[in-house]
Amino acid sequence: YVERIQPAFFVLLANTAFSASLFTLFVVLLVLSTKESRRRVAFRLNVLAICIVLTMGVLVGFGDGKTVLNELDQPLPATFITSMAFTVFPPLLADSILLTRLLALYPLSSTDRVTLSKIFAFPLCIKCARVVVLILFINGYAEVLRAGSGNPWFRNPNLIAEWTMQIADNAYSVTLFLYNLRVRTIPGRLPARIRQIFYIAAANFVFPLIFNLVLIICSTTVQSSDTLGSLLLLINNYVTVMGVLCATVWFSRSEW
């Protein structure tokens, strides 16, 4: 019995720890925010991303908790499908929060439409593609649940495409920030606003990049462990959203 519930217990334990950490950061964000900062789009998107991830934590905890307490009383497949949807979509929302910060470098009021189109065409197109592959993955995941067999994450082309595009999406933002850093920096002097934006981009690129590479490697090489896939998906989700949140808390009193 212990061996059968062990995978669900490990996922439940990791999910509880990360959920508690995220909730703590959420409280810190609210405490450090000002009335003006709460009106910002980035702040509202942060709150939305946190609420979605905390909802995911509740769903994952409910499903795995029932398995640990009573292996025979499994939740409905719809619970697992909803939980998986809440697991794979938040990184996309977190990357969209970073995209809104490009407006700090290219304000709508002072940037012509041609320049805006060139800058935002790639990230918008790649985000649409990510939505498509994630929907395809959820449909395939639902089919695996109905069949009652199979590993939904091993060498899944949709997941591999999503992680690859997430790397490209984040790399584009960081490259654009670095380019602006070089162009707008006076020799020997680094403007505080550009420096803050650069730190935000770096903090939200390095750790998701590492986990995305780990996910791609494990997804293509580790076939037997579905638990490992679930844990890595959870960790990647929390790390991506918490990275954006930490950067926002760090500069919560500065102009975004």
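A salt bridge here is a side-chain nitrogen of Lys or Arg within 4 Å of a carboxyl oxygen of Asp or Glu. This is a predicted model, where local features need pLDDT of at least 70 and side-chain atom pairs count only at pLDDT 80 or more, while totals for chains, interfaces and linings use all residues. Residues are numbered from 1 along each chain as its sequence is written, and side-chain values use heavy atoms, with hydrogens and water left out.

**View 1. R130 pairs up with D95.** Their closest N and O atoms sit 2.7 Å apart. The pair links distant parts of the chain, with R130 in helix α5 (residues 113-147) and D95 in helix α4, 35 residues apart; helices are DSSP runs (H or I, at least four residues) numbered from the N terminus.

**View 2. D169 meets both K127 and R130.** With K127, the N to O distance is 2.5 Å. D169 lies in helix α6 (residues 157-184) and K127 in helix α5, so this pair ties together parts 42 residues apart in sequence. With R130, the closest N and O atoms are 3.1 Å apart. D169 is buried at 1% relative accessible area, and R130 is buried at 0%. Salt bridges that share partners join D95, K127, R130, E162 and D169 into one network.

**View 3. Out at R44, things are exposed.** R44 belongs to helix α2 (residues 41-69), and its relative accessibility is 53%.

Conventions:
Helices (H or I, at least four residues) and strands (E, at least two) are DSSP runs, numbered from the N terminus. Buried means under 20% relative accessible area, exposed over 50%, partly exposed in between (1.4 Å probe, protein chains only).
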